[in-house]
Amino acid sequence: MAVARAESPGLSRFILPIAGLIGLGLCVAGILVLIDPNGGSNLLAAIYDALGNSAGASDLRNGQGDQLFAKLLLAVIAIGVGVGGIWLLYLGVGGLVGTLRPTWRDRILPWVFVGPALILLATYLLYPGVATFARSFFDNQGAFTLDNYAGMTDPDMVETLRNNVIWLVVATGGSVLLGLVIAGLFDRVRREALAKTFIFLPLAISLIGASVIWGFMYAWEPEGQPQIGLLNAIIVGVGGQAIPFFTTNPLNVFAEIVIMIWLQTGFAMVVLSAAIKGVSTEIIEAARLDGANERQLFFRVIVPTIRGSIVTVITTIAIVTLKIFDIVYVTTGGRFGDDVVANRMFHEMFQFFDDGRAAALATLLFVAVLPVMYLNLRNFRRQQVEG
Amino acid sequence: MTAPAQPAVGHVTRVAAWRPALLRSLPLRLTVIVICVLWTIPTLGLLVTSVRNPELISSSGWWTSLLNPLAPDQWTLSNYQEVITSGGMGPAFLNSVIVTVPSTVIPITIAAFAAYAFAWIPFRGRGILFTIVVGLLVVPIQMSLIPILSLYSGASLYGTFIGIWLAHTGFGLPLAIFLLYNFMSQLPRDLFESAAIDGASHLQTFIKLVLPLSIPALGAFAIFQFLWVWNDLLVALTLLGPSTDLRVMPTALYALLGSRGGQWQLLTAGAFVTMVLPLLVFLVLQRAFVRGILAGSVKG
């Protein structure tokens with residue numbers, strides 16, 4: 001808006017505000033359609049009515065007929081409102097502020113730019129964080145209590161916490177170690193990029209998709225029936241007894257961790273591979289002149305040099321692992337001694353309706369990431385001082 | 001938390017120094033191939049099973065079909081047909097698009113404006129506000145779920161698309177602002193000075209200059225957020241609720257697991273349907289994705 005006004009003060013002065021108003025009206029109408037649970041069907045039905053196809057319209061209103069088209073219509077409106085609306089907001093308000101006196105403009109404009117972000121951050125992260133922390137000290141009747149935390153010493157909660165620690169150590173350690181070794185090995189062959197794609201690919205797969213993939217790998221059939229899961233087929237093939245991986249504790253915890261390692265190794269590999277390529281030739285040549293063999297070169301020269309990247313990868317994967325939910329929720333629901341904190345929290349919320357306990361579990365996860373938050377802030381401060 | 005990701009200096013010579021002679025490198029090459037095969041087998045098993053005749057799936061392992069690929073009546077696409085129609089993966093795919101596209105574009109837009117102001121418009125409280133953004137980077141999503149759920153029930157945003165867009169926007173913002181700020185603050189200062197001399201307002205500078213220059217960072221975050229939202233199960237379960245009409249890919253796959261748990265032909269086909277789009281995006285835009293990962297390997 002402001003752009004056009006600066007260039008051609010004549011006609012566009014009227015066209016742009018009018019276009020803006022029309023856009024605003026469309027957005028409001030779109031939001032109304034989207035808030036209505038049957039908005040897509042109702043809108044399409046109205047269109048059918050207008051076109052004289054009242055039979056099709058009543059089909060739609062009864063939840064039959066061209067429901068697919070109703071969905072598509074909804075998708076188009078959704079994207080139009082979501083994307084168009086947000087730009088309209090910035091351009092409109094930004095343009096209006098641009099017409100103010102310079103002193104006022106300079107004072108208000110920054111808040112137009114950061115305002116929406118700050119409001120959303122406050123609504124979706126700051127306020128809920130404080131509210132969850134407070135909620136963890138109250139029971140369902142609204143009385144102050146410490147029971148939500150005291151309950152963490154129950155035997156099944158102790159087991160849940162133990163499982164989370166196992167996840168944290170084994171999944172993080174396994175992904176980083178494998179990622180490091182694979183990055184080191186792949187760095188030395190031709191077609192490195194192609195080879196890395198194979199390891200990297202699972203990163204695009206959802207945790208639930210990966211759980212189905214591995215659920216099939218782990219599939220177990222009673223004795224006498226053909227084993228269709230690859231792992232049990234191999235075990236039976238070499239004369240062993242098929243193992244029900246997901247119901248055997250504590251094996252199931254590790255079986256689930258393997259899924260996570262399979263997903264996260266690619267991430268570790270990518271970051272560490274880039275770091276390895278950053279190690280200068282001089283250092284490598286010098287080590288080789290000193291008589292280091294390839295293994296020593298890797299573990300005693302390259303690994304210490306890329307220490308910073310390794311720490312980054314460890315903290316990142318540890319944060320993801322700490323909050324692990326999907327894999328446990330999908331494979332066993334945590335019913336076989338393999339529960340973890342985030343899954344437990346979900347069940348406290350939606351199965352036991354005990355928000356106080358759920359809030360205490362969330363707070364526990366939050367406390368666990370505090371050291372990382374501190375490190376992030378310290379690094380950031382340091383960067384600011386240097387810059 | 002930015003990983004050092006300088007491009008390799010003198011990479012060619014270093015590789016030559018690293019790479020042993022052909023014969024000696026044979027064990028190394030075999031190891032690499034074995035690792036790649038091992039990593040691919042689980043996905044391959046899924047893919048093969050999803051196009052096998054359902055009667056075969058429960059009676060023999062998927063690898064037997066690979067060993068006799070020409071045996072009659074083995075391959076079929078009917079699993080996909082069934083899972084997309086009666087399995088509900090077709091509407092769920094559409095719902096996922098409805099959820100994902102605005103959930104990706106809205107946070108990028110909001111974050112780009114904010115990052116520009118944080119980087120180039122001086123205002124009171126800028127430092128402390130940005131520090132808060134950095135602090136929020138690692139706050140677990142779990143800290144937000146309970147209060148937002150009760151907010152949503154009150155504001156009738158529960159089970160609506162608008163509700164889940166805003167939630168994904170809020171959760172994605174810290175990383176988006178952080179990544180875009182890092183990128184935009186590195187743009188040369190001269191650029192902004194000459195724009196100001198030409199009489200360009202901040203809005204003009206942002207739209208005509210900064211946005212086009214920031215496309216690499218915008219693209220990298222877009223891929224990140226797209227994959228995150230498309231693959232998200234927790235937020236969808238919590239805020240979209242159990243309604244069949246509102247199922248997205250992960251919740252639809254979860255529903256399949258519950259209702260047809262033993263029918264691997266449907267589960268494998270369903271899982272593959274959920275993976276198609278992310279895998280395509282990933283394979284086509286791999287380089288941008290890697291750049292995004294290297295630029296900000298933190299997600300709250």
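Trainee: What makes helix H8 (residues 142-154) of chain B a bent helix, and where is the bend?

Mentor: In this predicted model, H8(B) bends by about 30° at B:Ile148. That value is the angle between axes fitted to the seven residues ending at a residue and the seven starting there.

Trainee: Which residues of H8(B) are buried?

Mentor: They are B:Gln142, B:Met143, B:Ser144, B:Leu145, B:Ile146, B:Pro147, B:Ile148 and B:Tyr152. A residue counts as buried if 20 or more other C-beta atoms lie within 10 Å of its own, so B:Ile148, listed as buried, meets that cut-off. Just after H8(B), B:Ser156 has a positive phi of about 45°.

Trainee: Why is helix H3 (residues 39-50) of chain A called roughly antiparallel to helix H4 (residues 54-61) of chain A?

Mentor: The two helices pack at an angle of about 170°, and their axes are 8 Å apart. Angles over 145 degrees count as roughly antiparallel, therefore H3(A) is roughly antiparallel to H4(A).

Trainee: Which residues meet there?

Mentor: From H3(A), A:Ser41, A:Asn42, A:Leu44, A:Ala45, A:Tyr48 and A:Asp49 meet A:Ser54, A:Gly56, A:Ala57, A:Leu60 and A:Arg61 of H4(A). By class, five residues of this contact are nonpolar, four polar and two charged.

Trainee: How many residues does each chain give to the contact between chain A and chain B?

Mentor: Chain B gives 102 residues and chain A gives 97. On the side of chain B, helix H6 (residues 89-120) supplies the largest share, 16 residues. That side divides into 71 nonpolar, 28 polar and three charged residues.

Terms used: Residues are numbered from 1 along each chain as its sequence is written. Chains are lettered from A and ligands numbered from 1 in the order in which they are written. This is a predicted model: local features need pLDDT of at least 70, side-chain atom pairs count only at pLDDT 80 or more; totals for chains, interfaces and linings use all residues. Two residues are in contact if their C-beta atoms, placed from the backbone, lie within 7 Å. Helices (H or I, at least four residues) and strands (E, at least two) are DSSP runs, numbered from the N terminus. Ala, Val, Leu, Ile, Met, Phe, Trp, Tyr, Cys and Pro count as nonpolar, Asp, Glu, Lys and Arg as charged, and the others, Gly among them, as polar. A residue is buried if 20 or more other C-beta atoms lie within 10 Å of its own, exposed if 12 or fewer, and partly exposed in between; C-beta atoms are placed from the backbone. Axes are lines fitted to C-alpha atoms, for helices over the stretch in contact, and angles run from 0 to 180 degrees between N-to-C directions. Angles under 35 degrees count as roughly parallel, over 145 as roughly antiparallel, 65 to 115 as roughly perpendicular and the rest as oblique.
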